[in-house]
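Have the sequence and the 3D view open as you read.

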Amino acid sequence: MGLKGRLEDLPLLDMLQIIAFSRKSGFLRIAATKGRGAVVLREGRVLFSYSWSTLASLEELVRHPERVTVPLIREQIEVSLRELGSLREGHFQFELADPTSEEFGGVRIQPFLLPDGLDAQELLLDLAVEIDNERREATSLLELAFQGDLPTEPPSAARGPGESVPPPLIAP
């Protein structure tokens with residue numbers, strides 16, 4: 001049994017939560033116009049992940065397997081999940097499988113699989129907090145950018161005698 005659908009209907013972060021909570025093993029593929037990637041899971045734990053921007057560094061690491069370290073793989077997973085989680089349109093497909101194969105989607109994954117995997121719930125929580133902080137910061141910057149654009153009170157010279165002051169468009 002597998003699961004497939006559209007990211008518009010079920011965002012990647014929600015899909016990963018379902019897989020992690022149900023402790024499933026397999027391959028989650030994501031395809032969108034902005035990019036593609038995949039996540040390899042065993043019993044709901046993330047063993048490996050890649051996205052469009054992390055493929056080049058993976059190819060370099062395949063040529064130099066001595067450079068592969070657990071912190072580097074963890075960073076690779078976090079970057080790819082951040083990118084894949086930002087996709088709002090596209091398709092996903094989850095296939096139940098034993099994630100011990102040598103290759104996945106044309107990428108040699110065996111040297112990159114974390115033996116114990118990463119807790120997907122913990123990763124998702126960290127990612128959600130990071131996304132919320134980025135949105136909050138973007139909103140604050142946008143509000144600051146527009147603060148100086150609207151005068152708080154119309155210039156008195158522009159009003160004729162006896163004209164009333166129009167109400168402000170945005171409450172201060």
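## Serine 25 and its contact

In this predicted model, a polar atom of the serine 25 side chain sits 2.7 Å from the backbone nitrogen of glutamate 43. That's a polar contact, because an N or O pair has to fall within 3.5 Å to count.

Which residues does serine 25 touch, once neighbours within four places in sequence are set aside? One set is Leu41, Arg42 and Glu43, and the others are Phe94, Glu95, Leu96, Ala97 and Pro99.

## The turn at glutamate 43

Glutamate 43 is in the turn of a hairpin formed by S3 and S4, with two residues between the strands. Its phi is positive, at about 50°.

## S2, S3 and S4

S3 (residues 36–42) pairs with S2 on one hand and S4 on the other. S2 and S3 run antiparallel and are joined by six bridges, with leucine 28 partnered by valine 39 in S3. A hairpin of four residues takes you from S2 to S3.

S3 and S4 (residues 45–51) are antiparallel as well, again over six bridges. How much of S3 is covered? Mostly: five of its seven residues are buried.

## Aromatic rings

The chain has two aromatic pairs. In one of them, phenylalanine 48 and tyrosine 50 have ring centres 6.1 Å apart and planes at 45°, so the pair counts as tilted. Ring pairs link Phe48, Tyr50 and Phe112 into a cluster.

Are phenylalanine 48 and tyrosine 50 buried or exposed? Phenylalanine 48 has a relative accessible area of 1%, so it is buried. Tyrosine 50 comes in at 3%, so it is buried too. The cut-off for calling a residue buried is under 20%.

## The whole chain

Zooming out, the chain has four helices and eight strands. Along the sequence they follow the pattern β-α-β-β-β-α-α-β-β-β-β-α.

Of the 172 residues, 31% are buried. The accessible surface is about 10900 Å², and 56% of that belongs to carbon and sulfur atoms. Among contacts with a separation of 6 or more, 69% are between residues 24 or more positions apart.

Conventions
Residues are numbered from 1 along each chain as its sequence is written. This is a predicted model: local features need pLDDT of at least 70, side-chain atom pairs count only at pLDDT 80 or more; totals for chains, interfaces and linings use all residues. Side-chain values use heavy atoms; hydrogens and water are left out. A polar contact is a pair of N or O atoms within 3.5 Å; within protein, one must be able to donate a hydrogen and the other to accept it, and residues adjacent in sequence count only if both atoms are side-chain atoms. Contact means heavy atoms within 4.5 Å. Buried means under 20% relative accessible area, exposed over 50%, partly exposed in between (1.4 Å probe, protein chains only). Two strands pair if DSSP finds at least two bridges between them. Accessible areas come from the Shrake-Rupley method with a 1.4 Å probe; for residues, only the protein chains shown count as cover. Rings of Phe, Tyr and Trp (its six-membered ring) pair if their centres lie within 6.5 Å; planes under 30 degrees apart count as stacked, over 60 as edge-to-face and the rest as tilted.
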